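Dear colleague,

I am handing over a structure for you to look through, and my notes on it follow below. Please keep the model open while you read them.

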Amino acid sequence: MLPHDSIACSSNRSGSSRRVVCRQLLVAALCFWLGSLANAETPEKLQAAEQLLRAAQVGDRFESRAQQQAQQIIYNYGVIIRRNTEYRLPVVIERRIAECYRSTYRWELFEEGITRIVADTFSSEELELLIGFHNNLGLP
């Protein structure tokens with residue numbers, strides 16, 4: 001129960017009191033709805049989010065990081081094998097691991113979802129500022 005019972009609608013309230021409380025609920029719901037519209041995903045915001053991701057080179061960085069992780073995994077497997085045997089991890093297995101990472105963590109598989117997250121997170125004005133920043137245009 002909230003303080004002073006100000007939001008809860010209950011049947012033991014008078015008609016006038018219930019109307020006030022229900023109006024408060026309606027206003028709160030309307031404010032929430034309007035707030036969600038401000039960050040609603042529109043084609044323009046999705047396009048701006050895509051532009052931001054390109055300007056910030058997120059795709060290139062994403063794939064570079066996946067490649068670094070694959071190299072680290074290959075190195076770790078090699079260390080484990082060398083500790084237990086005198087053999088080196090075969091190059092064929094190293095290539096298969098690297099290819100597995102490349103195909104599993106391709107930017108194209110994540111781009112749409114990340115674009116939607118960016119479009120939902122930032123306002124149009126924020127996206128514009130971030131694009132300008134990443135394009136070295138500075139603040140307006």
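In which helix is Val91 found? Val91 is found in helix H4, residues 91-104, where helices are DSSP runs of H or I with at least four residues, numbered from the N terminus. With a relative accessible area of 40%, Val91 is partly exposed, a term for values between buried (under 20%) and exposed (over 50%), using a 1.4 Å probe and protein chains only. Val91 and Ile74 are 17 residues apart in sequence, and their C-alpha atoms are 9.9 Å apart in space.

Please bear in mind that this is a predicted model, in which local features need pLDDT of at least 70 and side-chain atom pairs count only at pLDDT 80 or more, while totals for chains, interfaces and linings use all residues. Residues are numbered from 1 along each chain as its sequence is written, and side-chain values use heavy atoms, with hydrogens and water left out.

Helix H5 (residues 107-121) has 15 residues and reaches 20 Å from its first C-alpha to its last, close to the expected 21 Å, which is 1.5 Å times one less than the number of residues. Its buried residues are Trp107, Thr115, Val118 and Ala119, and what covers them includes helices H2 (43-55), H3 (58-84) and H6 (124-134).

Trp107, Val118 and Ala119 also belong to the largest nonpolar core, which has 10 residues; such a core is a set of buried Ala, Val, Leu, Ile, Met, Phe, Trp, Tyr and Cys residues joined through side-chain atoms within 4.5 Å. H2, H5 and H6 each give two or more residues to this core, and H2 supplies the largest share, 5 residues. Apart from it lies another core, of 6 residues, among them Ile74, Leu89, Ile97 and Ala98.

With best wishes

How values were computed:
Contact = heavy atoms within 4.5 Å.
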